[in-house]
Amino acid sequence: MADSAPPSPAAPPRRKTGRHRGEGQWAVGHFTPLNANEQAKRDDDGLNVRTRIETIYSKAGFHSIDPSDLRGRMRWWGLYTQRRPGIDGGKTAVLAPEELDDEFFMLRVRIDGGRLTTGQLRVIGEVSEEFARGTADLTDRQNIQYHWIRIEDVPEIWRRLEAVGLSTTEACGDTPRVILGSPVAGIAEDEILDGTPAIEEIQRRFIGNPDFSNLPRKFKSAVSGSPLLDVAHEINDVAFVGVHHPEHGPGFDLWVGGGLSTNPRIGVRLGAWVPLADVADVYGGVIGIFRDYGYRRLRNRARLKFLVADWGPAKFRQVLEDEYLGRPLADGPAPGQPVERWRDHVGVHRQKDGRFYVGFAPRVGRVDGATLTKIAALAEEHGSGRLRTTAEQKMIVLDVPEEQVASLVAGLEALDLRVGPSPFRRGTMACTGIEFCKLAIVETKARGAALIDELERRLPDFDEPLTINVNGCPNACARIQVADIGLKGQLVTDDVTGRQVEGFQVHLGGALGLEAGFGRKVRGLKVTSAGLPDYVERVLRRYQRQRTDGERFAQWVTRASEEDLS
């Protein structure tokens, strides 16, 4: 195939300056695919695989799937092959993809802004029970993930989800992923402004749009007008954060270039204020820059954060204004510090209309289909038709009349969904881990749940906000670098037996919102999975003894000795 620009009607004029040509940037005239992923996307848009799933693969079965679709384009519709059972973490980086693949899939349901109706949640639960062996995990991107999905069942699952307005479109892949939004948008008493119209317009214009379905890598975004800063805006590719402009009123502060994984970066402010009506336009400009100037040569440098780091915020803003928007953006203020230390909306809170919303915490995001259908029934019984997922693996029931609150809380607690959880239940989250993920090295969900139980038993009076994030590999899906205690899964040497066992490298003192930054790594500090409760208890007891009045755990970590952190 001759070199030519991929179809992209919305793209700006190409500048063939040759700069960064070796990085595979379309905007400087370099269109030759430089790796297998780019070639696969050139060969066929990932959105097109749906037809093959419906007409071929679902009828002929797993072994009929073309490998380029199986481990590539099917992600454009939320499908990843899951890990074959029985493969230990030591083989994760050794085995070929076909040796790791099971004949079942993870399927991700995107829930933009975390917005759900009780009818939608009931369908999610029913699909889980019928097709996913009861699995349905809440993620830290406000999505819900199934496991054990058969390719034969995918068209029927899509039919049921789409009948109630849900979708798996571009839930994975090199695409615009789910748009995070404040789970209390439009109802919170202290809200700066409601970003829901912007999220809906972004969905309408960009999701499933072939002009933006071939990006260098995934593209993560967030829109929130909450003073709690409740969407982890610092680690998204683009984020719109609610602020009050002294002249123009409420709007959004624009951030770009955040992301974690093995090269973490905190996003940067462009110093620009964006009114609600312009959010979708600015989103389109930022994603357009990523599509056209993003580094496509090497996958490990293909995220927007690398381009932002090279350009700096001033040049990025200039290109955005001059080449993509055709107009300048107004300067604006930075967001304030979050008004509370917890940003997950757990608990009972008054809405601006006088009703209440009730947030609750499952264990490390793990629920099941039967529980989700019961949650939907409880919400409806207590006067609500709306729910929300959060960016902290939690869920919220909205619009509860005051006289119904106590009964709803009792019903949720009976399902082991805590409205008044311990700091350990509230602050611990975990990625999928080795149970299903082909990249994982260690188990996470069960380990995180067991850690909660142990810490509640050992430290029953601990009452400080604390985040413990458990990740099965270095890719940071559970945000290990920005947790008070971040646990990166790896194999470690057992001091007693000398054998390699599951364990964690420890990151301490990371944070978002309050003095956002990455955790401290103590030289040589690794713990076995079995020794994890002892280690966390030991460090938290030292913190309790040594902290000054009002000192957060992350602040204590910055001044603690390595001995105290070991």
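**Close-up views of a predicted model**

View 1. Residues are numbered from 1 along each chain as its sequence is written, and side-chain values use heavy atoms, with hydrogens and water left out. Helix 2 (residues 49–60) packs against helix 6 (residues 154–163) at an angle of about 135°, and their axes are 9 Å apart; axes are lines fitted to C-alpha atoms over the stretch in contact, and angles run from 0 to 180 degrees between N-to-C directions. Arg50, Ile53, Glu54 and Ser58 of helix 2 meet Val154, Pro155, Trp158 and Glu162 of helix 6 (contact means heavy atoms within 4.5 Å). The residues of this contact divide into 4 nonpolar, 1 polar and 3 charged.

**View 2. The largest cavity has a volume of about 450 Å³.** A cavity is a set of points on a 1 Å grid over the protein atoms alone where a 1.4 Å probe fits but cannot get out, and lining residues have an atom within 4 Å of a point. Its lining comprises 28 residues, of which Arg341, Arg343, Thr467, Asp484 and Leu512 lie nearest the centre. Helix 12 (423–427), strand 17 (428–430) and helix 15 (553–559) are the elements that give two or more residues to this lining, with helices (H or I, at least four residues) and strands (E, at least two) taken as DSSP runs. By class, the lining of the largest cavity has 12 nonpolar, 6 polar and 10 charged residues.

**View 3. The second largest cavity has a volume of about 80 Å³.** Its lining includes Trp26, His30, Phe31, Glu38, Arg42 and Arg296, and the lining residues divide into 4 nonpolar, 4 polar and 3 charged.

**View 4. The chain averages a pLDDT of 94 (the predictor's confidence in each residue, from 0 to 100).** Over residues 1–21 the pLDDT is below 50, and this stretch has 47 contacts in the model beyond near neighbours in sequence.

Methods. Predicted model: local features only at pLDDT ≥ 70, side-chain atom pairs only at ≥ 80, totals over all residues. 1 Å grid on protein atoms, 1.4 Å probe; cavity = no way out; pocket = protein on both sides within 12 Å on 5 of 7 lines; lining within 4 Å. Points joined across faces, edges and corners; volume = space filled by probe spheres on them. Nonpolar A, V, L, I, M, F, W, Y, C, P; charged D, E, K, R; others polar.
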